[in-house]
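Work through the exercises below with the sequence and the 3D structure open beside you. Each task is followed by a solution in steps.

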Amino acid sequence: MNSIEQALTEALAIGRQYVNQGECASYIPELSRADKHALGVCVMTASTDRYAAGDTKTRFSIQSISKVITLAVALQHCGFEKVFEKMNMEPSGDPFNSLVKLDLTDDKPFNPMINAGAITTAGYLEPDVSFEDLLAYSRRVCLDEGIEIDERVYESEKNHCARNRAIAYLLQSKGILTGDVEKSLDLYIRMCSLGVTAESLAGLGLVLANGGLHPRTGNRLMDADVVRVVKTIMLTCGMYDESGEFAVRVGVPSKSGVGGGILSVVEKRMGIGIYGPALDKKGNSIGGRHMLEYLSQALGLHMFGTGEA
């Protein structure tokens, strides 16, 4: 057994100790149907070797991890200046679906990884980029041709999106969302409803770790500058209002979703995909968070080293 396989086995055992402390997301009813005890971790290395432990082939909805994909497409389609003309790049310190600061203290969403920012991003794309285009691109960058929209999740989320609809119309009132509000919101929800696996997320992580190049063919899937921006924002904003502590403890760019996924990127080394639908109070996979903290220590993944003299 090599070190990665052993580390994944040990990480899975550690993560399972925390699962009962979390709960599946319930504000989208379909997400509450997930098995809260499901847990898995997949690593795909720069040499395209794949290592897995636990539930890594189970399909679940990508939810907020889709924000990484739509941000990358928006940066490539619209350019950096356009994307951040009406959106900031700062951690919010608030829940991902909060609209308080947008309403009271700032006219711009704090970053593209919270819902207000991601709906703004969808608004940039909606006039020119179809959902079918985004689906095809998602399959390419996740190295997974099996990705489809989960219609049950889509309908459930569409029917329970009052807060996101409020955010979208608030964005319109501030002149940030200038296109069709309902079409932009629908595109955002469709992207959140993509069915992925921990292996899909590991594939996406590897593409990002590889500077946007396909790990097998060498074809460019994302511009290098786009990858740099996306990974930086993942590090500072990707784990909701737990991003700072996560960066200290784990130290790799990551993005979570309330479907239970976590996408992590270890520069030039590997992509990591997590599935664990039991969430902590911040909306992150509780088992996944502890697995990543262990893997960071066991495999020396922290981007700033171990801290040893």
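**Exercise 1.** Which handedness does the crossing of α2 and α9 have, left-handed or right-handed?

*Solution.* This is a predicted model, in which local features need pLDDT of at least 70, side-chain atom pairs count only at pLDDT 80 or more, and totals for chains, interfaces and linings use all residues. Residues are numbered from 1 along each chain as its sequence is written, and side-chain values use heavy atoms, with hydrogens and water left out.

Begin with helix α2 (residues 66-78), whose axis comes within 9 Å of that of α9, the two crossing at roughly 125°. Because angles under 35 degrees count as roughly parallel, over 145 as roughly antiparallel, 65 to 115 as roughly perpendicular and the rest as oblique, α2 and α9 are oblique to each other. The crossing of α2 and α9 is right-handed.

**Exercise 2.** Which residues make the contact of α2 with α9?

*Solution.* On α2 they are S66, K67, I69 and T70, and on α9 they are Y188, M191 and C192, where contact means heavy atoms within 4.5 Å. By class, this contact of α2 with α9 has four nonpolar, two polar and one charged residues.

**Exercise 3.** At what angle do helix α5 and helix α9 pack?

*Solution.* Helix α5 (residues 115-125) packs against helix α9 (residues 181-192) at about 110°, and their axes lie 8 Å apart. That angle makes α5 roughly perpendicular to α9, and α5 passes α9 in a right-handed crossing. From α5, N115, A118, I119, A122, G123 and L125 meet S184, L185, L187 and Y188 of α9. The residues of this contact of α5 with α9 divide into seven nonpolar, three polar and no charged.

Conventions: Axes fitted to C-alpha atoms, helices over the stretch in contact; angles between N-to-C directions. Helix = DSSP H or I, 4+ residues; strand = E, 2+ residues; numbered from the N terminus. Left-handed = near helix turned anticlockwise from the far one by under 90°. Nonpolar A, V, L, I, M, F, W, Y, C, P; charged D, E, K, R; others polar.
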